[in-house]
Amino acid sequence: MSRELRLRIISGIILAAIVLVATWYGGLSFRLLAVAIGLLVYYEWSTISDLHGQDPQGNALAWLGLVLISGATLMEESVYSVEVLFAFVAVTAIMVAMRGKSWWLPGGIFYAGLTAIALAEIRDDDLRGFVLMLFIFATVWATDIFAYFVGRAIGGPKLAPRISPGKTWSGAIGGAIAAVVAGTAVVWSYFSADGLWIPVLALVLSICSQTGDLFESFMKRRFGVKDSSHLIPGHGGVMDRVDGLIFACFAAFMLAIVISLTMSGETMSLGSVLLGV
């Protein structure tokens, strides 16, 4: 076994342990993890797109917004964190339009800020949030693992050759099927659920996860970089590891908000809404 492979395995185990322990404890532990991921994601986003060089004033404003979002997230002020997020996205978008700077600035605030908010709100502090977070992990991880192995085993037409030449339709389908099985197994091991809602939700999140993976591949290809950073030994950057998870969490978060507002006129526990328990 090569030194690089050993390093990759060790760092992967450590990362998985940190994530799962924080998920188990929930509360402030998980919110700290969510905030850390959001801040590191913006660091990589701004580095890849050279926002610190192209628009230092805008980048500084973005960091201020993300610090405020992080503070509100840690204090469980979800409404305030969302308000701050959209306020800073709007302000920086106006600045970009007026000054002719990069649209990657408001995009980065939205992407990183919503990452922290969505992760924290999905986990919440109850059993439903814990199961929902495990459900999303299982869906995303099964998608990644089986898309890779099925794609290598079967091959066939490319999914998006201009963005990510290694991805195939066979891998995408294999990953989606595995996500449905894994996600459904997680939920059904905790709650009895009838109907097709959970399998359908797992399929939707798997598709979103693969879309997130393709988006990051597009971004890296757009700016000519191989990895989002070198923060994780043997794995590249944080975005390289959570790109699919981010889009799946975005979808779960927004879907839960829409459903809860439609059904009751007020937001409820996201786990309760999405799992139907």
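Mentor: Let's take the labels one by one, with the cut-off next to the value.

Mentor: Some ground rules. This is a predicted model, where local features need pLDDT of at least 70 and side-chain atom pairs count only at pLDDT 80 or more, while totals for chains, interfaces and linings use all residues. Residues are numbered from 1 along each chain as its sequence is written, and side-chain values use heavy atoms, with hydrogens and water left out.

Trainee: How do you know that the span of helix α2 agrees with its number of residues?

Mentor: Helices (H or I, at least four residues) and strands (E, at least two) are DSSP runs, numbered from the N terminus. The expected span is 1.5 Å times one less than the number of residues. Helix α2 covers residues 27-48, 22 residues, so it should span 32 Å, and its end C-alpha atoms are 32 Å apart, which agrees.

Trainee: Why is Asp-50 called partly exposed?

Mentor: Buried means under 20% relative accessible area, exposed means over 50%, and partly exposed is in between (1.4 Å probe, protein chains only). Asp-50 is at 28%, so it counts as partly exposed. Glu-76, at 47%, therefore counts as partly exposed too.

Trainee: Why is the contact between Arg-31 and Glu-121 called a salt bridge?

Mentor: The rule asks for a side-chain nitrogen of Lys or Arg within 4 Å of a carboxyl oxygen of Asp or Glu. Here the N to O distance is 3.7 Å, so the pair qualifies under that rule. The two residues are 90 residues apart, Arg-31 in helix α2 and Glu-121 in helix α6 (residues 104-123). Both Arg-31 and Glu-121 are buried.

Trainee: How many salt bridges does the whole structure have?

Mentor: The search finds 4. Among them is Asp-55 with Arg-99, at 2.9 Å, N to O. That pair links the loop between α3 and α4 to helix α5, 44 residues apart. Asp-55 is buried, because its relative accessible area is 1%, whereas Arg-99 is partly exposed at 36%. Another one of the 4 joins Asp-240 and Lys-220, at 2.9 Å. It connects helix α10 with helix α9, and both Asp-240 and Lys-220 are buried.

Trainee: How do you know that Cys-208 and Cys-249 are too far apart for a bond?

Mentor: A disulfide is a pair of cysteine sulfur atoms within 2.5 Å. The sulfur of Cys-208 is 11 Å from the closest cysteine sulfur, in Cys-249, so that is too far for a bond. By this rule the count comes to 0 disulfides. Cys-249 itself is at 1% relative accessibility, so it counts as buried.

Trainee: What makes the nonpolar surface patch?

Mentor: Patch residues have over 30% relative accessible area and no salt bridge; nonpolar side chains (Val, Leu, Ile, Met, Phe, Trp, Tyr) are joined within 5 Å, like charges within 9 Å. The patch here is made by Leu-20, Trp-141, Ile-145, Phe-146, Tyr-148 and Phe-149, and covers about 630 Å² (Shrake-Rupley method, 1.4 Å probe, only the protein chains shown counting as cover for residues). Helix α7 (residues 127-154) gives the most to it, with 5 residues. Phe-149 is in helix α7, and at 54% relative accessibility it counts as exposed.
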